[in-house]
Amino acid sequence: MPDNLLEQLQSAFPGAQVSEQGGFGPLVGLAAADALAAACETLARPEFGWDTVEDYTARDLGTSFELVLHLVSSADVRRRLTVKAPIARETAQAPSLVSRFGCAEWYEREIFDLFGIRFDGHPDLRRILLPEDWSGHPLRKDYQDERLLRRPGN
Amino acid sequence: MNPSPMPPLDQAPALATETLTLNMGPQHPSTHGAMRLILKLDGERVVSAQPDFGYVHRGMEKMAEALTYPQYIYLTDRLDYLSSILNEWSFCLACETLAGIQVPRRAEYLRVITGELCRLSSHLVWLGSMGMDLGAFTPLTYTFREREMILDLFDLLCGQRMTFNYLRIGGVSRDLPAGFADQARKFLRYFERLPDVYDQILSDNAIFLQRMRGVGVLDPAIARSHAVTGPSLRGSGMALDLRRSEPYSAYPEFQFDVVTRADGDALARYQVRVEEMKQSARIVAQALDGLPEGEVQAKVPRVFKPPVGEAYARVESSRGIQGFYLASDGTVKPTRCRIRVPSFANLSVLPKLLAGVKVADVVAILGSLDFIVPEIDR
């Protein structure tokens with residue numbers, strides 16, 4: 001990785017937190033999820049080259065959610081980059097990346113299914129793994145299911 | 001009453017036709033597991049195809065929140081059950097990255113040997129069922145005979161035929177038993193000429209070629225947009241193989257070729273996998289010959305508590321890039337465990353591949369993508 005890459009990324013994303021995560025390539029922490037689509041476009045430009053999704057998922061941080069997007073470069077797969085974007089818990093909304101990446105359609109359906117984050121502009125946002133009539137989103141930390149076995153102390 | 005005479009054919013009113021919705025599965029031999037394909041058909045032609053899955057969803061990402069790291073290893077076997085070692089490998093790799101553990105060199109070699117044997121047996125199962133999907137039963141009897149020998153090797157190694165639970169954080173659970181290396185070498189000598197035998201019974205078969213050639217052509221740009229990896233991507237001419245392009249473990253020390261084919265059709269994906277079997281056998285032979293002496297397990301605390309942080313580790317599995325994204329809050333259990341599975345992304349390209357093909361090609365395309373349902377559903 002060129003030495004000034006982090007500085008280049010920082011100047012391309014002034015409001016974001018850019019850091020190096022030992023061995024995984026750079027991490028770009030966006031200030032808001034609204035900037036996600038524009039950030040993907042910037043990162044796909046030839047000077048950066050992160051044009052392909054490898055994985056797209058989310059985390060529940062308790063007070064908010066966080067989208068985690070792993071990008072790779074199709075020219076050089078070693079070049080990895082992680083983009084993170086916070087999502088407010090109350091609204092749980094994010095812009096869809098379907099028009100940019102073909103795989104985003106299913107990944108966003110999965111995030112919606114398991115975290116309940118809604119993607120604006122998704123053509124067919126419905127559950128993908130769980131049954132249609134399931135209630136709740138299991139990967140949320142406050143998910144309760146009376147059928148879950150409770151161990152003492154848990 | 002006299003029947004009215006038939007009108008001449010060119011004056012007959014046009015037949016009203018409509019599309020037919022056909023559920024293929026969830027129990028169907030060519031979906032290789034419980035998966036439903038909702039096909040909309042116009043006569044013999046597929047108008048649209050929508051996969052529906054989740055029938056074996058076990059909530060494995062949620063289960064990780066209730067289990068300690070070492071307790072989770074055996075569950076990873078149940079993802080892609082044909083290449084269990086490779087799932088364990090990426091999970092252990094993620095844990096080792098989190099905690100900064102160095103794996104002893106002998107353990108890395110044992111991981112390569114078992115991992116490549118797993119890839120070999122997975123490709124053998126695929127080859128047999130691919131032939132059977134197209135109506136050729138003989139290859140299955142051949143490939144399952146060879147696969148059984150690999151499973152015997154694993155039985156000798158860890159007492160299990162399929163869900164091995166062999167890898168540990170920082171190494172492997174036990175060293176090679178006496179006789180393993182000899183038996184493995186014997187198998188490799190026996191296996192040497194077999195990919196060519198399979199080729200003779202399938203690739204020299206005119207029916208097989210006609211059903212595979214030019215069918216399900218996957219454009220490299222679409223493949224990358226859908227995050228397709230593994231042999232399915234290499235069949236479209238892209239040489240993406242993590243073992244070569246981001247070498248992990250002991251892979252830099254071995255000679256092997258990254259197999260690609262440019263055509264992108266079902267036949268190209270078939271050829272890539274047959275050729276990859278030879279490469280896997282090559283790697284196992286080299287690893288057996290160069291196996292270093294030493295420990296097979298690094299020093300890992302009895303209670304594994306990685307520091308607060310995140311790690312994303314991935315390996316080249318039989319079907320593509322398989323990875324674990326782990327987030328640790330400093331306790332014995334991960335706070336988030338995300339499983340990146342190759343089959344999920346590889347299958348997402350299916351609606352595009354199936355639109356417009358004939359019904360008979362659906363099975364050939366499904367088989368050539370080589371997905372595995374428990375891995376998609378998790």
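This is a predicted model: local features need pLDDT of at least 70, side-chain atom pairs count only at pLDDT 80 or more; totals for chains, interfaces and linings use all residues.
**Notebook: a look around chain B**

I started with helix 2 of chain B, residues 69–76, and found B:Tyr69, B:Tyr72, B:Ile73, B:Leu75 and B:Thr76 buried.

Next I asked what the buried residues of helix 2 of chain B pack against. My list for chain B has helix 1 (60–63), helix 3 (84–99), strand 4 (167–168) and strand 8 (334–340).

**The sheet**

I then turned to an open sheet in chain B, made of three strands in the order 1-2-3 with antiparallel pairing. Strand 1 (20–24) and strand 3 (45–52) of chain B are the edge strands, as each pairs on one side only. On average, neighbouring strands of this sheet are turned by 20 degrees against each other, if I ignore direction.

I zoomed in on one pair. Strand 1 of chain B runs antiparallel to strand 2 (residues 36–42) of chain B, and five bridges join them. Which residue of strand 2 of chain B stands opposite B:Leu22? I looked it up, and it's B:Leu39.

**Where chain B touches chain A**

How many residues of chain B are in contact with chain A? I have 25 written down for chain B, against 22 residues of chain A. On the chain B side, helix 1, helix 9, strand 7 (320–328), strand 8 and helix 13 (342–347) each supply at least two residues. Strand 7 of chain B gives the most, with four residues. Sorted by class, I get nine nonpolar, eight polar and eight charged residues on the side of chain B that touches chain A. Looking back, strand 8 of chain B turns up here and also on my packing list for helix 2 of chain B.

**Two positive phi values**

Last, I checked backbone angles. B:Ala227 isn't a glycine, yet its phi is positive, about 60 degrees. I found B:Ala227 in the loop between helix 9 (220–225) and helix 10 (231–234) of chain B. B:Ser249, also not a glycine, has a positive phi near 50 degrees. B:Ser249 is in the loop between helix 11 (242–245) and helix 12 (266–289) of chain B.

Are these two buried or partly exposed? B:Ala227 is buried because 29 other C-beta atoms lie within 10 Å, while B:Ser249 counts as partly exposed because it has 18 C-beta neighbours inside 10 Å. The cut-off I used for buried is 20 or more.

Terms used:
Residues are numbered from 1 along each chain as its sequence is written. Chains are lettered from A and ligands numbered from 1 in the order in which they are written. A residue is buried if 20 or more other C-beta atoms lie within 10 Å of its own, exposed if 12 or fewer, and partly exposed in between; C-beta atoms are placed from the backbone. Two residues are in contact if their C-beta atoms, placed from the backbone, lie within 7 Å. Ala, Val, Leu, Ile, Met, Phe, Trp, Tyr, Cys and Pro count as nonpolar, Asp, Glu, Lys and Arg as charged, and the others, Gly among them, as polar. Two strands pair if DSSP finds at least two bridges between them. Axes are lines fitted to C-alpha atoms, for helices over the stretch in contact, and angles run from 0 to 180 degrees between N-to-C directions.
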